[in-house]
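This report describes selected features of the model shown here.

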Amino acid sequence: MDEPLLRTVALEKRFGAVQATSDLSLEIAAGEVHALIGPNGAGKTTVIKQLAGELAPDSGRILLAGEDITALPASRRAQLGLARSFQITSVFEQMSVRENLALAVQAHKGHSFRFWRSAARDNALTGPTEAALERIGLEARSELLAANLSYGEKRQLEVGMALAGEPRLLLLDEPMAGMGPGGTVKMTELIQSLKGRLTMLLIEHDMNAVFSLADRITVLVYGAALATGTPDEIRGNAEVRRAYLGESE
Amino acid sequence: MPGSCVSRVSLVAACCALLLALLPWLADAFGDPYLVTLFSRILIYALAAVSLDLIIGYGGMVSLGHAAFVGSGAYVVAILAFHLQEGAPLFGGFLDIQANDQALLVWPLAVVISALLAALIGAISLRTRGMQFIMITLAFAQMLYYLFVSLEGYGGDDGISLWSRSRLPGLDLADNVNFYYVCLASLLLFLWLMRRLVYSRFGRVVRGTRENQPRMESLGFPVYRYQLAAFTIAGAGAGLAGVLLANQNEFVSPGLLHWTHSGELIVMVLLGGMGTLLGPVFGAAALLLMEELLSAYTEHWMFFLGPFLILVVLFAKRGIYGWICGGGDGHG
């Protein structure tokens, strides 16, 4: 089998008495949309944080395309092509929509010790920034401060910034969180359009979205992987139904 | 609205620049040469406040130790001049460095030393955040303050008096008007550099980090090194202000490094408007002019200045800059 794009080996994380991640060995194949589901408190966001480098695991290893990245800081991992969106919208509110995206583009265009030239007129940045604007469909709002966007638009911008650096692996932490039905449809379409071009790890509570988007699903319970499989396999898995969906046979 | 805000500020700034350019004539016309000295002081403090605005206003790094870099710049000038006056070798003669009062040599040296000091203090302080950062920058500045107090050879508490200002070929700095224009040129040059910097890629990273550091890291920016560079640049600006201040006063004392002096610089930034570059210039002018006017009437001028500052901070969101803008958001 090919080396998966991302692999975790026996990942462990403990917060005091709480076992947040327990002997977790995930494999995300290149090109797939892999969903991570589980009841509240199952430790889904904790996994994302460890993958992104915001939280150090107690033990275990994380490999990106075979390279051990366990000890690398978040910024270094992002440089290697690991992007993430946040569950709680995390955009730069005092910057315009365009500048938000330009900043995300800039992160992948070499170092930023450039003190003189106006960044807003930097051709190396403006082209990809316009493309990123178009992708999330916010061209008409580009000059608005991000603070003045609607909630749904902020979520789009959030994902757009993660996409702007053309990552190899995208970690999406509840991209639909708090969105109305219309926004959910839009976001599903956006993710659908990226499918095949981009490897994604998706955390989401909206089960319709998960089962329609994911190629494979891992069910997390108490920080441990209960099962991994295709949506059909997960749907038919009795253990999952018992533990997660709360159904009795 | 941002548009009208920018044009109003530009108009006010242009008027101020014109007034400043003509100030020596105005002082002459009013028969009050002291105005030139007063405004030299204002320009120098404005320079220091603008440099502080880079890290506080744009970088979100509230440093309560900025006066340390003003002081170090001033002391480099003073110590080199002192050795020249006394004929005593520098570093006890161990190093072959000549005492000097040539501006073209001493001033850049002072700026570099202030920048290095800022890099060193920043490298340690920037490992902390928020209140801890404020306290650690304060602590470093106070350490330097006490260091200079304890240097009896350099006058200790009493400081050093200079016999003359630095020498610049072709321009007599002993002349107050000439020196005034050097201060004005330094401020304008620094403002221009900072304006370029704030809107460059580097400035964008610094601004982004103020707003949301975790997001900057997840985007792929190693923010520490950018913050440190900004802190160092601000230190260099403060060092230049120190150089000018030493020449202006022809006197340097540890009081320059004291934390109350750092606090005064923060007040100038807040009063004028954080994150605006021009604001701190207005802030420095307002604070020093009020100090000048009020202290003519009462020695308890601080008693009247305090409530005024509280009112400004409470009611004008972006200080004087915001007020010129007309109370709008004033962003940009």
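A residue is called buried here if 20 or more other C-beta atoms lie within 10 Å of its own, exposed if 12 or fewer, and partly exposed in between. The model is predicted, and every value below is computed from it.

Strand β4 of chain A covers residues 33-37, and five of its five residues are buried, so the strand is largely enclosed by the rest of the structure. V33(A), A35(A) and I37(A) point one way from β4(A), while H34(A) and L36(A) point the other way. Both sets are buried.

β4(A) is joined by four bridges to strand β9 (residues 199-203) of chain A, and the two run parallel. In this pairing L36(A) stands opposite I203(A). Four bridges also join β4(A) to strand β10 (residues 216-221) of chain A, again in parallel. Here A35(A) has I217(A) as its bridge partner.

## Domains of chain A

Chain A is divided into domain 1 (1-81 + 168-184 + 194-249) and domain 2 (91-166). The centres of the two domains, taken over C-alpha atoms, are separated by 27 Å. Seven residues from domain 1 of chain A and six residues from domain 2 of chain A make up the contact. On the domain 1 side, the residues divide into four nonpolar, three polar and no charged.

## Positive phi angles

Which residues other than glycine have a positive phi? One of them is A10(A), with a phi of about 45°. A10(A) lies in strand β1 (residues 6-15) of chain A. It has 13 C-beta neighbours inside 10 Å and therefore counts as partly exposed.

E166(A), also not a glycine, has a positive phi near 45°. This residue sits in the loop between α5 (151-164) and β8 (169-173) of chain A. E166(A) has 14 C-beta neighbours inside 10 Å, so it counts as partly exposed.

## The largest nonpolar core

The largest nonpolar core has 171 residues, among which A46(B) and A78(B) touch the most other members. Helix α2 (residues 34-58) of chain B gives the largest share of this core, 16 residues. Domain 1 and domain 2 of chain A both give residues to the core, so it lies between them.

Not counting residues up to four places away in sequence, A46(B) touches L187(B), P280(B), V281(B), A284(B) and A285(B).

## Helix α12 of chain B

α12(B) is hardly covered, with one buried residue among its 15 residues. Strand β4 of chain A, by contrast, has five of its five residues buried.

Methods: Residues are numbered from 1 along each chain as its sequence is written. Chains are lettered from A and ligands numbered from 1 in the order in which they are written. This is a predicted model: local features need pLDDT of at least 70, side-chain atom pairs count only at pLDDT 80 or more; totals for chains, interfaces and linings use all residues. Two strands pair if DSSP finds at least two bridges between them. A nonpolar core is a set of buried Ala, Val, Leu, Ile, Met, Phe, Trp, Tyr and Cys residues joined through C-beta atoms within 7 Å. Domain bounds come from an automatic or database domain assignment. Two residues are in contact if their C-beta atoms, placed from the backbone, lie within 7 Å. Ala, Val, Leu, Ile, Met, Phe, Trp, Tyr, Cys and Pro count as nonpolar, Asp, Glu, Lys and Arg as charged, and the others, Gly among them, as polar.
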